[in-house]
Amino acid sequence: MAKKVVIVGTGLGGLSTALRLTTLGFEVEMVEKFHQPGGRLNKLQHSGYTWDMAPTFFSMSYEFKELIDFCGIDKPFEFYALDPLYKVNFSNSKRYFTIHKDIDKLAEEFDGIENEFAEKMYRYLEKTGKLFHDVENRIIRRNFNPNYALDILRGNSRG
Ligand SMILES: Cc1cc2nc3c(=O)[nH]c(=O)nc-3n(C[C@H](O)[C@H](O)[C@H](O)COP(=O)(O)OP(=O)(O)OC[C@H]3O[C@@H](n4cnc5c(N)ncnc54)[C@H](O)[C@@H]3O)c2cc1C
């Protein structure tokens, strides 16, 4: 008889754990205190507007691929890269900046505002990319520890 597991919460963590456990042959029951599944991955609609309740971007889309490969299921949706990503407007200004993924297009948007924009942006992305993967490998892929916030600030983990 399959072992039964109860998962409290139907956020991304609970849902992906349920998929992995059922793949491994466990019988899974999930409980949720909110009126719908998804946890923070939900939306709020009011007065004709829609807000993401938390996540907006798939920052680690390769994790999703690993999950569906592990479970041997078909990808339930396709990823589409947004272009432009979004528009921003600063207070006291009527100008909107269109944020493109393409650095050369983005540089055109900030032409006359930031000198050598593309060179600076490539340097910034290289630096923050290293930090992102450092944090990912040293912190995100490990179990929670009470020094989590300090570890993130230091970009370091004492395990
Ligand atoms: C403002 C914001 C922006 C974010 N932006 C991004 C982004 O752009 N990209 C990205 O990848 N990630 C983003 N994140 C992170 C992402 O939202 C979370 O990592 C992810 O949704 C967390 O999933 P989870 O399953 O761990 O927790 P949750 O989504 O919080 O799920 C926990 C579930 O457990 C339920 N629950 C709790 N206690 C009980 C109980 N006692 N009984 C029954 N049910 C219970 C809750 O109702 C909830 O449904 C963002 C988070 C925030 C807050």
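User: How many helices and strands does the secondary structure of the chain come to?
Analyst: The chain has 5 helices and 6 strands, where helices (H or I, at least four residues) and strands (E, at least two) are DSSP runs numbered from the N terminus. This is a predicted model, in which local features need pLDDT of at least 70, side-chain atom pairs count only at pLDDT 80 or more, and totals for chains, interfaces and linings use all residues. Residues are numbered from 1 along each chain as its sequence is written.

User: And what is the radius of gyration of the chain?
Analyst: The radius of gyration, taken over C-alpha atoms, is 21 Å, well over the 15 Å that the globule rule gives for 159 residues, so the chain is more spread out than a compact globule; that rule is 2.2 Å times the number of residues to the power 0.38.

User: Switching to V5, where is it found, and is it buried or partly exposed?
Analyst: V5 is found in strand β1, residues 4–8, and V5 is partly exposed because 15 other C-beta atoms lie within 10 Å; 20 or more would count as buried and 12 or fewer as exposed, with C-beta atoms placed from the backbone.

User: Which residues does V5 touch?
Analyst: Leaving out residues up to four places away in sequence, V5 touches L21, F26 and V28, a contact being C-beta atoms, placed from the backbone, within 7 Å.

User: Which helix gives the most to the shell around the ligand?
Analyst: Helix α1, residues 12–23, gives the most, with 3 residues, and just after α1, G25 takes a positive phi of about 100°.

Notes:
Two residues are in contact if their C-beta atoms, placed from the backbone, lie within 7 Å.
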